[in-house]
Amino acid sequence: MSFVLSLLIFIPLLGAPLAYFATRMNRRNGIYFSLGLSTLVLLTAAYVLWGVYSSPPPQGQYLFQERSAWINFRFLGLDYYLGADGLSSPLLFVSALLTVLAIFGSRKLIDTHEPEYYALIFLFEGAIMGVFTSLNLILFYIFWEVVLIPMFFFIGVWGGPRRKYASLKFIIFTYAGSTIMLLGFLYVYLGMQTPSFDIPDLAGNVPVSLQYLPLLASFIGFAVKLPLVPFHTWLPDAHVEAPSPISVLLAGVLLKMGGYGFLRISIGLFPLASAQFAWLFMAAGLFSMFYGAAAAVLQKDLKKMIAFTSINHMGFVLFGAYATLVSGSLLGIQGAIFQMFAHALAVGSLFMLSGYIHHQAGTREIPLLKGLGTSMPRTAAILVLASAAAMGLPPFASFLAEFMVIAAGISAYSVTAVSILVPVITAGYFLWMIRRAVLSQPEGSAEVHDMGWSDAASFAVYLVPLVVLIVASYVVLTPALPVAEFLKRIAIG
Amino acid sequence: MIDFLTLAIGTLAGCSLLLPLLQLVKGRDWNLSGYILAAVLASAMVMVAVFTLSPSDLPWFGSLLRGDALGGVFALVTLGVTLMVTLASLETQKGEGNPVYYSLLSFTALGMLLLSYSQDLLMLFVAWELMSLPTYVLAGFDKKLRSNEAAVKYAVIGAMSSAIILYAISLAYGLTGSTQISAVVQGFSRLLAAQSDATALASVAILLFVAGFGFKMSIVPFHMWIPDAYEGAPTTVSTLLAAATKKAGFIAGIRVLLAITTAYVVTQNPAFTMANVFAVLALVTMTVGNVSALTQKSMTRLLAYSSIAQAGYILIGFVAFSADPQSASASIGMTGSVFHVINHALMKGAAFLAAGLVIMQLRRADLGAFDGLGRRMPITAFTLTVALLALAGVPPLSGFWSKLLLFLSVSNAQFGWLALAAILNSAFSLGYYAWIIKRMYIDEADAPGRVKEPLWFVVVFAVAVGLIIGIGLFPQQAINLSSAAAAGILG
């Protein structure tokens, strides 16, 4: 019996009140405390990632399992049941990493209600760790819902001018989606011969007639989170209004819940129905990719542009995951997992940058940002690098991820080769943005401060792993292989 | 040897009768009577709890009362809410504290205690009146026009519902020759089995019971008085009405309605399925409650409508039970109903008291009073947030588990639509709950500055929040308790 995953959940949850009181007593110490605590979680997550990499669990099995009875009543049996595999461990790691970076970035960008802010960050982190490690559907649902509460306050309290509207829209959209998902879980549970909420029990054992409705219900829950066009409308509002460190968590971590849900639950529990409608999911993913890219071209607000980039990139996850169910090419699911990892870092860095740029230059409007190259050289250099990462240029790992997904797509349906256009459009709008904001002549004589060296250095934490990972991609891809094989086996044999 | 339940009844009765005598003592601090009542209620709760752990016969009451776990749970819930209300009243009645006020509270508690254990329709009716009559006075206790209007409306509707119940009882007695609930059930079964002409009258009796109890349970379409009464009455009294006397309506409903329902299921009377009646009532009640709550401008009215919606959820267990009393779904559904009664008492009690404190301290009841409350009254705002999220059924708070059991009990082919409607209602309700939370933490207050939060309120809030979160994290014990209580009706 291991307790590492419980540590991942409960260090942040129990740390939340401590962070509140520490920051309340002394702002500086509170931030140091929060950084220390989140680093501790990061080290634990790194240990899990390493553990899963060094001995990947065989198909359909999990490492670091923990199980204890929680609720037992009539035929309702719920266990506190955790485990990690090649799908969850990269997400655990990247979530912990982005939390550290978000806290680091918050020290300059957040200056109101700080005690509550840091406490909520830890509540968020603990709940996210719970989502990615739960092997019981009800436990999963509980953590899933807990994530909403801190995010509601982040957007509502620390957000921009339309924060009130955005926060309510966010919580109502996502809560409605997830309650429908819960109904799907109950449906499966009651339909099974031996009712169980445990993911390992259900995976590959749900009768096909029982798969269609829950697939639809879970689709609604996850499509809102991913988000998939047309369920995406909360996202640009939420992102534009959220403070930048929170946008990092929103794009880097929260959206991954959708991708994780599609892989673990939609495909993992309802594989036969998924395989039947795989073309539909691929089409939805493809549409999201194009829609996100096309909408991003039109945005004037830098942050909104990045938000639409997220929709575009998360479309790859769905597209790749379901491509495997059509062609059997494992590249699709592996690429989807890799894409989630790469997207978290690339888009995380861009959101954080947009926060700095807004903070220093006073605007995020791309046409108004002129001559960043001369006025804020460090910021501009990082912006160019982060854009390259988001475009999927080598040597950033996002290149490899998108390549794998597109290859799997083509092996499924050759017509999906058009998806190659998505990175082209993405490169187009990023380069256009760089031309307008970075390479143009500076205007006016307004004094603009560049970001400090310590902040600039923090971006290395986002971008260096992306470069390292293109060489060391096996860290993510090796443990992802049994996951992909398992999903393929239960879906199409 | 006298048993603990009789002792608890005697203590409460003595307290009710003796408290007004304190009025005769001149120049005393009248809050004393409040402290006395709080102590009496707390000890009565202990006695009831001890009794519930090891039930025994009640020789003093013959066949009028029976000490079972179902009665124990309802007695504890209603006494607990009365205790919360008494403690809060120590602050709201400060200075003008009145022994009569506490005596009336005590009478209500006694009525609810007797009602919880009633096995006989006449006993039930007496307890019902003992509970209701003091609340008519309490609702008008503020001596303001608004409060008096609420009291009169409440009293008229209350008298009407009593009359309906009495009429139903007389029909039942006429048909079966007994007022003992178990004998009435047997009599009904015989009537139905014999296909006699009297079955139509029996159905009328049942529907009259539904209407009579429905007024207290706040079931649509018998709910019209609720928002006005809750808004006009002093908020502590509204808390009592929403969180305690309403539960008494449910225990009466369970003891009488569901017992008689079994007669219908056993004889498989095709013309009249109570499950369908309950299902429609549940659907209409929760939907009307939630939709109306969304448009309210005053907090007490909003909570009143939310309370109506919650009654709809509790009814879901009735549906599962009356569809097939022997099934596992019935057991899960009734457990969910009892569990939700416990949770609702906690959540709604905390929410009403928090709202009451805000109204008392800021002297306004519109939703604007809640703007920026997170800074002005942090403990109250936090309590209200937890209570509202629990009411919406957000995990891991206590309300989630009871709703889960209720939804599970009807997730089948026959009533799956009800489960879907209930879950959508639940999602919809977060819209107005989140709206209040948004006001408290996101909107700015028009008059900043801390507002005092009196000690007794803070104590009550701490206990309620602790229980809501505690039951949410470790629901097993509460589920066991509810299940033991539900076993009483499942037979």
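Helices (H or I, at least four residues) and strands (E, at least two) are DSSP runs, numbered from the N terminus. The structure is a predicted model, in which local features need pLDDT of at least 70 and side-chain atom pairs count only at pLDDT 80 or more, while totals for chains, interfaces and linings use all residues. Residues are numbered from 1 along each chain as its sequence is written, chains are lettered from A and ligands numbered from 1 in the order in which they are written, and side-chain values use heavy atoms, with hydrogens and water left out.

In chain B, Pro396(B) lies in the loop between helix H15 (378–392) and helix H16 (398–410). Pro396(B) is joined to Pro395(B) by a cis peptide bond, with omega about 0°. Chain B has 19 helices and 0 strands. Its C-alpha trace spans about 70 × 55 × 40 Å along the principal axes. The radius of gyration is taken over C-alpha atoms, and the globule rule is 2.2 Å times the number of residues to the power 0.38. For the 491 residues of chain B, a compact globule would have a radius near 23 Å, and the chain has 22 Å, which agrees.

Chain A contains 20 helices and 2 strands. Its radius of gyration is 21 Å, close to the 23 Å that the globule rule gives for 493 residues, so chain A is as compact as a globular protein of that length. The C-alpha atoms of chain A fill a box of roughly 75 × 55 × 45 Å, taken along the principal axes.

Helix H2 of chain A covers residues 27–54. The expected span of a helix is 1.5 Å times one less than its number of residues. For the 28 residues of H2(A) this rule gives 40 Å, and the end C-alpha atoms are 40 Å apart, which agrees. Asn26(A) caps the N-terminal end of H2(A), with a side-chain oxygen 2.9 Å from the backbone nitrogen of Arg28(A).

Two backbone features of chain A were also found. Val229(A) and Pro230(A) are joined by a cis peptide bond with omega about 10°, and Pro230(A) is in the loop between helix H8 (212–225) and helix H9 (234–241). Phe64(A), in strand E1, has a positive phi of about 50° although it is not a glycine.

A salt bridge is a side-chain nitrogen of Lys or Arg within 4 Å of a carboxyl oxygen of Asp or Glu. The count over all chains is 23 salt bridges. One of them joins the side chains of Arg264(A) and Asp85(A) (2.8 Å, N to O). This pair links distant parts of the chain, 179 residues apart: Arg264(A) is in helix H10 (residues 244–269), and Asp85(A) is in the loop between E2 and helix H3 (88–109).

The contact between the chains (heavy atoms within 4.5 Å) takes 35 residues from chain A and 40 residues from chain B. Buried area is the accessible area (1.4 Å probe) that two parts lose on being put together, summed over both. Chain A and chain B bury about 3,200 Å² between them, 79% of it on carbon and sulfur atoms. Phe73(A), Tyr175(A) and Leu183(A) supply 20% of the area that chain A buries against chain B, more than any other three residues. Between the two chains there are 3 salt bridges, including that of Lys164(A) with Asp443(B) (3.3 Å, N to O). On the side of chain A that touches chain B, H6(A) gives the most, with 15 residues.

Notes. Polar contact = N/O pair within 3.5 Å; in protein donor to acceptor, adjacent residues only side chain to side chain.
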